[in-house]
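Here's a quick tour of a protein chain for someone new to reading structures.

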Amino acid sequence: MKWQEVQQIYPNQFVKFEVLHSEETENQEVIDEVAVIGPVSDEKATQELLNSRDNTLVYHTSKDQVIVKVRKNVGLRRKF
């Protein structure tokens, strides 16, 4: 399902979904096709996002696009 369809079905609310297709640039990922799991209440949105794994996200439908910042080379510390 395209993001614009999700916005029409679930206007002005958080939704939980699985990413089906995205385009990745240097430091961001633009998600354009998703499989909706369901709406999420405002009170539970943060908790649902923190519990999300793999390609599952929570996002608000008021946003025109789903854009996620990609962090690479986070820099792990270790002892030598």
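Two strands count as paired if DSSP finds at least two bridges between them. Helices (H or I, at least four residues) and strands (E, at least two) are DSSP runs, numbered from the N terminus. What you're looking at is a predicted model, where local features need pLDDT of at least 70, side-chain atom pairs count only at pLDDT 80 or more, and totals for chains, interfaces and linings use all residues. Residues are numbered from 1 along each chain as its sequence is written, and side-chain values use heavy atoms, with hydrogens and water left out.

**The sheet**

- Let's start with the strands: 4 of them make an open sheet in the order S3-S1-S2-S4, with antiparallel pairing.
- At the edges sit S3 and strand S4 (66–69), each of which pairs on one side only.
- From one strand to the next, the twist averages 55° (axes are lines fitted to C-alpha atoms, for helices over the stretch in contact, and angles run from 0 to 180 degrees between N-to-C directions).
- In general, strands of a sheet pair through backbone hydrogen bonds, either parallel or antiparallel.
- S2 and S4 run antiparallel and are joined by 4 bridges; Val30 has Ile67 in S4 as its bridge partner.
- S1 and S3 are also antiparallel, with 5 bridges, and Val15 has Tyr59 in S3 as its bridge partner.
- How many residues of strand S3 (residues 56–60) are buried? It's 4 of the 5, so the strand is mostly covered (buried means under 20% relative accessible area, exposed over 50%, partly exposed in between, using a 1.4 Å probe and protein chains only).

**Salt bridges**

- Side chains of opposite charge can pair when their charged atoms come close.
- This structure holds 2 salt bridges (a salt bridge is a side-chain nitrogen of Lys or Arg within 4 Å of a carboxyl oxygen of Asp or Glu).
- One of them joins Glu33 and Lys2, whose closest N and O atoms are 3.8 Å apart.
- Glu33 lies in strand S2 (residues 28–40) and Lys2 in the segment before helix H1 (3–9), so this pair ties together parts that are 31 residues apart in sequence.
- Glu33 is partly exposed at 27% relative accessible area, and Lys2 is partly exposed too, at 38%.
- Glu48 forms a salt bridge with Lys16, and here the closest N and O atoms are 2.8 Å apart.
- That pair links distant parts of the chain, 32 residues apart: Glu48 is in helix H2 (residues 45–50) and Lys16 in strand S1 (residues 14–24).
- Buried or exposed: how does Lys16 count? Lys16 is buried, at 18% relative accessibility, whereas Glu48 is partly exposed, at 27%.

**Loops with a positive phi**

- Most residues other than glycine have a negative phi, and most peptide bonds are trans.
- Asn12 isn't a glycine, yet has a positive phi of about 55°.
- You'll find Asn12 in the loop between H1 and S1, where Asn12 is exposed at 60% relative accessibility.
- Asp54 isn't a glycine either, and its phi is positive, near 55°.
- Asp54 belongs to the loop between H2 and S3 and is exposed, with a relative accessible area of 80%.

**A buried helix residue**

- Gln7 is part of helix H1 and counts as buried, at 19% relative accessibility.
- Which residues does Gln7 touch, not counting those up to four places away in sequence? They are Thr61, Ser62, Lys63 and Asp64 (contact means heavy atoms within 4.5 Å).
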